[in-house]
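Keep the viewer open as you read, and bring up each element as it comes along.

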Amino acid sequence: MNTALEQGKFIFLDKPENTITTAAHWGALNVTVENGRVVKSEGSLVKNHQNELQNVVADQLYSPVRVKYPMVRKGYLEGNKDTTLRGCDEWVRISWNKAFELVSNEIQRVRQQYGSESIFGGSYGWYSCGSLHASRTLLQRYLNVTGGFINSKGDYSTGAVQVIMPYVLGNIEVYAQQTSWHTIVENTELLVIWSSNPLNTLRIAWTSAEPEGIDYLAKIKASSKRIICIDPVKSETCQFLEAEWLPINTGTDVALILGIAHTLISGNKQDNDFLAKYTVGFEQFSDYVLGKTDNQPKTAEWASQICGIPANTIQELAHAFVANRTMLMSGWGLQRLQHGEQSHWALVTLAAMLGQIGLPGGGFGLNYRYSTDGLNANSGIRLGAINAGKPNPNMPFFPVARIADALLKPNQPYDYNGQTLVYPDVKLVYWAGGNPFAHHPDTNYLVKAWQQPETVIVNECYWTPTARMADIVLPATTSYERNDLTVAGDYVVKHIIPMKQVVEPQFEAKNDYDIFAELAKRAGKELEFTEGKSEMDWLREFYQIANDAAEKINMPFPTFEAFWAENKVLSFEEENQNNTFVRYQDYRDDPIKHKLATPSGKIEIFSETVAKMNYDDCKGHPTWFEHHEYSGKTNEAEPLALVTPHIKYRLHSQLAYSSLRQYYEVNGREPVLINTKDATERGITSGDIVRIFNKRGQVLAGAVVTDGIIQGTVALYEGGWYDPQDLGKTKSPLCKNGNPNVLTRNEGSSKLGQGNAPNTTTVQVEKFMEEAPKVVIFNSPI
């Protein structure tokens, strides 16, 4: 590792001359500026694999879809209360003073007329990284100091699994530190990557990506261990690792697991000692698997009919899992479907049956596809960050994936995690960071829902589909137009990164912090919001938290002034790194001292708590439920299942407008993967524009014909920007760009979790024979 200045156990990493150090979700960046304009960007950290996301800072700053000025929808400005004009109306440029007046007065009016419980400020999404300029947190801080707001709960990424896992393992698990990659390289004999694509997803992080995780994938490849990828799509990870690909019918992972479990139980191959000592409820699960409770044994033959994997292969998997030190490494996509809670519950149960939980290289992992999980643990140094202030405890909430239902069904009851709750009556939506018109299922339903509030306000850098659906749009700076701090790695902090302002704010963009400070001032709450601190005051405070942690363990640390002046990545390592961490090893070693936070203190294969909720769509143990739509429940009108994986060249909808589109767009629009046989039946060849449609909507996409997807399923990547033709003139406008959520179901995973369920969708695909309309979403609407 190149170093310039030794600081004990801390070093400043070298960088090219005349560059500015900053960061984004895709890593620490060195940015070259000439004559006040960015001309180049590249990663700051040593890496062995290219990350193209790091090279498009200029695209972000100078995109034609930047929001340049405060804008108001014409009808809204004129007092027209027709909310169906959202997304269709003209835009009017106004001054910042007028914008602040409109927003401040409207929030005050709504609060006085309906109460704070009518203002939704959840603002879910991957806003720019940074300790201070976190748009969602700043919005919530402003709303909290001025009276409160409706919040959301959970997330789209893991909405189902994070609700069920506390009943099974005593924690949400999906955001917990995993067994180290080093331990996997050294000890795992059979690695099963289950519906996960870490080669793509390790390129980003909630804070800033650290490239070491991808390096470990290379080490795993070089180890020559057996690797199996179970996935409807032959992912980039599968190809890179040269792994065995087991294509599985979409939405049938639970059936496969049950078939494996039956093979183990019928041969008495499960680890009975482990099950007796560390788990509860295996007997109830075993009776279900053997068919004693429903007269349907979950044999390998039964599972094969559902999942599409041959019965003898399922049996071979069971024997291989037992015979080897096996790591079951799952992604999150297999729980983004109806009954999604069952997928990971079943996976954890299978791992318990193998008896390898807590052993080096064995067990399961639900988070290897993300950030620095699995890297060496360090001293626990953390950077401070702005908080959302003290929330009003009387404010309602709803599960984040139920936003469309909340808007359309005010005051109506619904089930969630053992409770009966009531949707609030939302009159005003304020969104800052995030793009629900790219990530929420059933876009046409969301359009209808978005017409219900009296006012929608959005802070945005770009004319995203969500910004275009607002009444008031305030232009926000990108992270390159302000000062901030972040770390590389969400779980293992290996670097602290100065996010120095690269260029002046473009056009009339303002920092979210300044926007909300001004709005707080107009509400008489400026001091409560700012605490009398400037941007640099906050950054010194956040840095001091890391400094204080370093002092406690006698680690020398540069002062903030020295760090900021150096403008380089600050890297540090513990002298005796813990690179052999094994998840649940403590529990295995002493299940009394380290009991789990479940009612029994053990892994709950059967949960009395869940069973007593009496839900018809989530029982007391992992269960196979047939979904309303999936690969096994198609029809003549919709004969294909749809999956919506992550694409390599963007973060959800971020960078969808950038020059990275050159690497994946087909005929100017989003690519859709279609199996060779399915394509041949429809007369489709690679490069054709196709129409994908179902009862909910229709989109255009560019065909990629491949044998790298299972027959009967098509893959349309999530995050494509919604570009409707004739919005407001038809019930099902054609999305010209290929946003998959025009097609997906707005349905909760179950009454327990209410997570989103986009991977429970069926569609039809046909070659588009007309002249294809142009994609215009990446042009400014004014």
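**A walk through the model**

Once neighbours within four places in sequence are set aside, Thr762 is in contact with Glu629, Tyr630, Lys633, Thr634, Glu638, Leu640, Ala641, Asn694 and Arg696. This is a predicted model, so please read each value here as computed from the prediction. Thr762 belongs to strand E32, which covers residues 762–767. Its relative accessible area is 1%, and because buried means under 20%, Thr762 counts as buried.

Two of those partners lead us on to another residue. Lys695 touches Glu629 and Glu638, again leaving aside neighbours within four places in sequence. You will find Lys695 in the loop between strand E28 (689–693) and strand E29 (698–706). Is Lys695 buried or exposed? With a relative accessibility of 59%, Lys695 counts as exposed.

Next, some helix packing. Helix H10 and helix H15 (residues 341–354) pack at an angle of about 20°, and their axes are 9 Å apart. That angle makes H10 roughly parallel to H15, and H10 passes H15 in a left-handed crossing. On the H10 side, the contact is made by Val254, Ile257, Ile260, Ala261, Leu264 and Ile265. H15 contributes Gln342, Ser343, Ala346, Leu347, Leu350, Met353 and Leu354. By class, the contact of H10 with H15 holds eleven nonpolar residues, two polar ones and no charged ones.

H10 (253–266) also has a part in the surroundings of helix H13: the buried residues of H13 pack against H10 and against helix H14 (311–323). H13 runs over residues 300–307, and six of its eight residues are buried, so this helix is largely enclosed by the rest of the structure. The buried residues are Ala300, Trp302, Ala303, Ser304, Ile306 and Cys307. Just after H13, Gly308 takes a positive phi of about 85°.

For another packing geometry, turn to helix H3 (residues 96–114) and helix H20 (residues 512–522). What angle do H3 and H20 make where they pack? The angle is about 60°, with the axes of H3 and H20 10 Å apart. That makes H3 oblique to H20, and the crossing of H3 past H20 is right-handed. H3 brings Trp96, Asn97, Phe100, Glu101, Val103 and Ser104 to the contact, while H20 brings Ile515, Glu518, Leu519 and Arg522. Sorted by class, the contact of H3 with H20 has five nonpolar, two polar and three charged residues. The buried residues of H20 are Asp512, Tyr513, Ile515, Phe516, Ala517, Leu519 and Ala520. Just after H20 comes Gly524, with a positive phi of about 75°.

At 1.5 Å a residue, its 18 residues should span 26 Å, and the end C-alpha atoms of H22 are 27 Å apart, which agrees. Its buried residues are Glu535, Met536, Trp538, Leu539, Phe542, Tyr543, Ala546, Asn547 and Ala550.

Now for some backbone angles. Most residues other than glycine have a negative phi. Just after H22, however, Asn554 takes a positive phi of about 60°. Asn567, also not a glycine, has a positive phi of about 50°. Asn567 lies in the loop between helix H23 (560–566) and strand E24 (570–572), and a relative accessible area of 6% makes Asn567 buried. Asp726 has a positive phi too, near 60°. Asp726 sits in the loop between strand E30 (713–716) and strand E31 (734–735), and at 43% relative accessibility Asp726 counts as partly exposed.

Our last stop is Gly148, in the loop between helix H4 (135–145) and strand E9 (151–153). Gly148 is buried, with a relative accessible area of 0%. Not counting residues up to four places away in sequence, Gly148 touches Arg111, Ser116, Leu143, Asn392 and Met395. The C-alpha atoms of Gly148 and Val185, 37 residues apart along the chain, are separated by 49 Å.

How values were computed
Residues are numbered from 1 along each chain as its sequence is written. This is a predicted model: local features need pLDDT of at least 70, side-chain atom pairs count only at pLDDT 80 or more; totals for chains, interfaces and linings use all residues. Side-chain values use heavy atoms; hydrogens and water are left out. Axes are lines fitted to C-alpha atoms, for helices over the stretch in contact, and angles run from 0 to 180 degrees between N-to-C directions. Helices (H or I, at least four residues) and strands (E, at least two) are DSSP runs, numbered from the N terminus. Angles under 35 degrees count as roughly parallel, over 145 as roughly antiparallel, 65 to 115 as roughly perpendicular and the rest as oblique. A crossing is left-handed if the near helix is turned anticlockwise from the far one by less than a right angle, and right-handed if clockwise. Contact means heavy atoms within 4.5 Å. Ala, Val, Leu, Ile, Met, Phe, Trp, Tyr, Cys and Pro count as nonpolar, Asp, Glu, Lys and Arg as charged, and the others, Gly among them, as polar. The expected span of a helix is 1.5 Å times one less than its number of residues. Buried means under 20% relative accessible area, exposed over 50%, partly exposed in between (1.4 Å probe, protein chains only).
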